[in-house]
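Please look through this model with my notes beside you.

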Amino acid sequence: MTFVTAGTLVLAAYLLGSVSSAIIVCRLMGLPDPRTLGSNNPGATNVLRIGGAKAKPAAAVTLAGDMLKGLVPMLAAHALGAQPLVLALVGIAAFVGHLFPVFFGFRGGKGVATALGVQFGLYWPIGAVTAAVWLFVAKVLKISSLSALASMALAPLVVWYFRPEPALIGMQLVVTGLLFLRHRSNIRKLLRGDEDRIGAAADAGGSTPES
């Protein structure tokens, strides 16, 4: 793969990651800007929280969009024969685009769904195991942020097991580190014991990663 092709993939991944699914979905469905209500986070959980009667479909579309932002660039990189270093840079670029979107004033989400998309795109068993950990913790402890933190804390080990290339492990370490930084407020709430439980986001209940 040429340097130009690799650079184009990385740039395209960042730009795609910068497309905020939550903001676009809320605008199209006539919902408030997710950056101004609830947790002020443009992610699926906050859309579920503020969406009212449209909460579940809006959150589901947001979640799918955020995952695709990580999945599509990785699949494109695989299709073009990208080496592990390029795959790692593409994954980081898509994730960073979601966190700091150039199209939306660099105010992005917390990255769980996009990180999952990157993992599924890297190698689907990695995504499947990480998602299973998220679902298990969510089922048992019913705290979305704790589920995200637990699954992403284990993700570097999952990548090491399935794809033990240093660049890919490094990619996941970067993603996990940034995700923990974005969850600082959640971590403080967890330590105080007052973090919201799954089902508190909407009257009808439900659960989605805080994307």
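This is a predicted model: local features need pLDDT of at least 70, side-chain atom pairs count only at pLDDT 80 or more; totals for chains, interfaces and linings use all residues.

1. Residues are numbered from 1 along each chain as its sequence is written, and side-chain values use heavy atoms, with hydrogens and water left out.

2. Start with the core. A nonpolar core is a set of buried Ala, Val, Leu, Ile, Met, Phe, Trp, Tyr and Cys residues joined through side-chain atoms within 4.5 Å. Buried means under 20% relative accessible area, exposed over 50%, and partly exposed in between (1.4 Å probe, protein chains only). The largest nonpolar core has 35 residues, and Leu87, Val90, Leu122 and Met152 touch the most other members. Helices giving two or more residues to this core include H1 (3–17), H4 (55–79) and H5 (84–99). Helices here are DSSP runs (H or I, at least four residues), numbered from the N terminus. H5 gives the most to this core: eight residues.

3. Now take H5 itself. H5 has 16 residues and reaches 23 Å from its first C-alpha to its last, close to the 22 Å expected at 1.5 Å a residue. The expected span is 1.5 Å times one less than the number of residues. Its buried residues include Leu87, Val90, Phe95 and His98. H1, H4, H6 and H9 are among what covers the buried residues of H5.

4. How do H6 and H9 pack? Helix H6 (residues 112–122) and helix H9 (residues 166–182) meet at an angle of about 170°, with their axes 11 Å apart. H6 and H9 are therefore roughly antiparallel (angles over 145 degrees count as such). Axes are lines fitted to C-alpha atoms over the stretch in contact, and angles run from 0 to 180 degrees between N-to-C directions. Contact means heavy atoms within 4.5 Å. H6 brings residues including Val112 and Leu122, and H9 residues including Leu168 and Leu179.

5. Met152 deserves a look. Not counting residues up to four places away in sequence, Met152 touches Val112, Ala115, Leu116, Gln119, Thr130, Gln172, Thr176 and Leu179.

6. Check two loop residues. Most residues other than glycine have a negative phi. Asn40 has a positive phi, near 65°, and sits in the loop between helix H2 (21–28) and helix H3 (44–50). Phe106 has a positive phi, near 60°, and lies in the loop between H5 and H6. Asn40 is partly exposed at 40% relative accessible area, and Phe106 is partly exposed at 47%.

How values were computed:
Angles under 35 degrees count as roughly parallel, over 145 as roughly antiparallel, 65 to 115 as roughly perpendicular and the rest as oblique.
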